[in-house]
Amino acid sequence: MGIVIRNISKCFQAGKDGKEEFLAVDDVSFQVPKGHLVALLGPSGSGKSTILRIIAGLEEPDSGDIFLQEEDVTSRPAHERGIGFVFQHYALFKHMTVWKNIAFGLEVRRRPSKEIRERVERLLELVQLRGYEGRYPAQLSGGQRQRVALARALAPYPNVLLLDEPFGALDAKVRRNLASWLRRLHDEVRITSVFVTHDQEEAFEIADEIVLINRGKIEQIGIPNEIYDHPSSKFVASFIGHVNVLECHAKSGGIFFCHDGVMIPGMKSPGATGEVVLLIRPENVDVSFEHTSDRIPGHIMDIRYRGDRYEIDLEVEGLKVNMKKDKVYGENLNLALGQRVFVRFNRCSVFESEGGHAAIRAKLQSLGYIE
Amino acid sequence: MAFEKSLAEELDTESHRPGAGQRLEFLKRNGVWGKRLFLSAVLAWFSFLVLFPVVEMILGAFRNGFVPFLTALQTPAARHAFWLTFWISVISVLVNTFFGLILALVLAQQDFRGKALVNGLVDLPLAVSPVVAGFMFIILFGKNGWLGHWFEQGGIQIVFAVPGMILATIFVSLPFVVREVVPVLKECGLEQEEAARTLGASRWHTFWRVTLPSIRWGLAYGITLTTARSLGEFGAVLVLSGSIIGSTQTATLHVHQEFNDFHFQGAFSASLVLAVVSFSLLIIMELLKKKQWMIGQGLRE
């Protein structure tokens, strides 16, 4: 295992006099296999950055153990952990050139100057910044600075690479480019990596595995497809993209809209009888003008244009269902307000709820998953 | 390259500071005559306050020619006074740089109970009149003083001797390094230091290679201010020195003495030397301020 963290907890003093306590990380355990790239994904304030800083040794956990490459490093200071850390705001040494920045980790280890020169040149090549070595950080663009930060972190051959919202300070286009570039780079370098992000697309695009964090706790660990298709809780489902929440009824193997009992075609209940909650992603909703046996009738309530896609609100059996379609598809469909359409759910997740809808809603609310 | 965003684009927002435009607008509205009137008023006030006294001092120093000017500076009393000022300043600057730096690091990077109080106390020497400060030291270190009694037994005299003058000078020049370094440290933040730590640098190493270089011009500015203050200190030193000629008389006290004795040549000459040193320090300060600004912007050395 590249990284193992076990039962990590961390409490911060908050408030004016430090009297209030805030549990930032609550008994978190997970591991990262050697050579894997794992994303810590969660909303801001969920404690994901704190976990990363604890792994790095920049923050001390109140309890728990950290192992890097099978070695217990819990009580080791940051500079003896053999890690590389990439900060959201680059944290480049402003008074040093690009070259000096990258060489820093090797120089403090007193490596021979020939080795340093070769290593820095190799890394300049890797991050495609050859020719920029004499510049100061202020003379670089955001994307270039972050690549220097990455080269600097990789220079002293770290065992583990930790990235804290590495693209958070960049604009959308540069961020997309850098993210896919990082994935390619990781395929090349194969260093055990953890990166923190609140951007799901980024996480889904580049991570081998995703650890979902909410309120200092792990919600779910899994490969991106698994998390997307089988969210383990409503939080996961709602965090991973907007999701439709439908309160339904399960009986005799089928699922029905609860209030008047129209069956949802093609849906099978997981065996339960009673009240269930259906989660359906907007992109998994489909409409047609023809009534086939796998569709239910509904109306178009609202159409919003969102630049690259359409967001459409439907009314189906008295429930509101949100649908997303990309621009071309949406225009070809030629929908109009109030129009009668036939709706199909291509894929959805079914959640059982023991105490009925009200009970599970209350529970989810108390957990802060829904409002 | 797809990744690149031009530097110009990034720096562009800087040039559109709202204040600059407003000021220009104000001047335009008031026309050329308003501008001139404004300028001459400022110049007149400046001349009255600064230029005339300086010219008068220079004329005074060279009234009898260059030789008397030099002679006045070479009397044993004058030489000793400058020598003493030099050493008191050197010691004050060293002590205040060392402790000022530590205090600045603590104030900028740590949170603790009573931080606001310490923060306020640092400025106390600026608020308290130096004469009052001097008396505080006399009460504390005098024969019957709380600490003075203790030093007396060890055979060390502080009040009316050089150690007291050094203490007083350190006290009055204490805030400058702290006040100049804290904002620079705050602006730098902790991230660069954290980055250095993750790259394998020890605390010591991080301080020398990352922290100090990023605050060096701010620190130098603070040191320059400390030097200027130490050289020019009068009140506190006067109270604590007893002003014994050739023993506990600094340059400023020497000027005071010469003036009281109607030795105007001596007073003007020593004043001129002090003024020239101060003026040089002023120029150095301006340069340092610019350098620190450039470091803050991340532009070249």
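The following paragraphs describe the two chains of a predicted model, the contact between them and selected packing details within each chain.

Chain A contains ten helices and 20 strands, whereas chain B contains 15 helices and zero strands. Of the 371 residues in chain A, 41% are classed as buried; in chain B, with 301 residues, the buried share is 34%. Contacts between residues at least 6 apart in sequence were also examined for their span along the chain. In chain A, 65% of these contacts link residues at least 24 apart, and in chain B the corresponding value is 75%.

The contact between the chains involves 30 residues of chain A and 25 residues of chain B. On the chain B side, two or more residues each are supplied by α1 (7-12), α11 (191-198), α12 (203-232) and α15 (264-297). Helix α11(B) provides the largest share of this side, with six residues. In terms of residue class, the side of chain B that touches chain A is made up of ten nonpolar, eight polar and seven charged residues.

Helix α11(B) also packs within its own chain. The axes of α11(B) and α12(B) come within 10 Å and cross at roughly 160°. Since angles over 145 degrees count as roughly antiparallel, α11(B) and α12(B) are therefore roughly antiparallel to each other. The crossing of α11(B) with α12(B) is right-handed. Residues Q192(B), E193(B), A196(B) and R197(B) of α11(B) meet T206(B), R209(B), V210(B), T211(B) and S214(B) of α12(B). This contact of α11(B) with α12(B) comprises two nonpolar, four polar and three charged residues.

A helix pair was likewise examined in chain A. Helix α2 (residues 98-107) and helix α3 (residues 113-126) of chain A pack with their axes 10 Å apart, at an angle of about 130°. The two helices, α2(A) and α3(A), are therefore oblique to each other. Their crossing is right-handed. From α2(A), the contact draws on W99(A), I102(A), A103(A), L106(A) and E107(A), and from α3(A) on I116(A), R119(A), V120(A) and L123(A). By class, the contact of α2(A) with α3(A) holds seven nonpolar and two charged residues, and no polar ones.

Elsewhere in chain A, helix α5 (residues 172-189) includes V174(A). Residue V174(A) is buried, because 20 other C-beta atoms lie within 10 Å. The C-alpha atoms of V174(A) and G142(A) are separated by 8.6 Å, although the two residues are 32 residues apart along the chain.

Among the strands of chain A, β11 (residues 244-251) has one covered and one uncovered face. The covered face carries N244(A), L246(A), C248(A) and A250(A), while V245(A), E247(A), H249(A) and K251(A) belong to the uncovered face. Strand β11(A) is joined by seven bridges to strand β14 (residues 274-280) of chain A, in an antiparallel arrangement. Within this pairing, V245(A) has L279(A) in β14(A) as its bridge partner. Strand β11(A) is also joined to strand β12 (residues 254-257) of chain A, here by four bridges and again antiparallel. In β12(A), F257(A) is the bridge partner of C248(A). Strands β11(A) and β12(A) form a hairpin with two residues between them. In the turn of this hairpin, S252(A) has a positive phi of about 40°.

An open sheet of five strands is also present in chain A, with the order β15-β19-β16-β17-β18 and antiparallel pairing. Its edge strands are β15 (285-288) and β18 (319-326) of chain A, each of which pairs on one side only. On average, and with direction ignored, neighbouring strands of this sheet are turned by 45° against each other.

Note on methods. Residues are numbered from 1 along each chain as its sequence is written. Chains are lettered from A and ligands numbered from 1 in the order in which they are written. This is a predicted model: local features need pLDDT of at least 70, side-chain atom pairs count only at pLDDT 80 or more; totals for chains, interfaces and linings use all residues. A residue is buried if 20 or more other C-beta atoms lie within 10 Å of its own, exposed if 12 or fewer, and partly exposed in between; C-beta atoms are placed from the backbone. Two residues are in contact if their C-beta atoms, placed from the backbone, lie within 7 Å. Ala, Val, Leu, Ile, Met, Phe, Trp, Tyr, Cys and Pro count as nonpolar, Asp, Glu, Lys and Arg as charged, and the others, Gly among them, as polar. Axes are lines fitted to C-alpha atoms, for helices over the stretch in contact, and angles run from 0 to 180 degrees between N-to-C directions. Angles under 35 degrees count as roughly parallel, over 145 as roughly antiparallel, 65 to 115 as roughly perpendicular and the rest as oblique. A crossing is left-handed if the near helix is turned anticlockwise from the far one by less than a right angle, and right-handed if clockwise. Two strands pair if DSSP finds at least two bridges between them.
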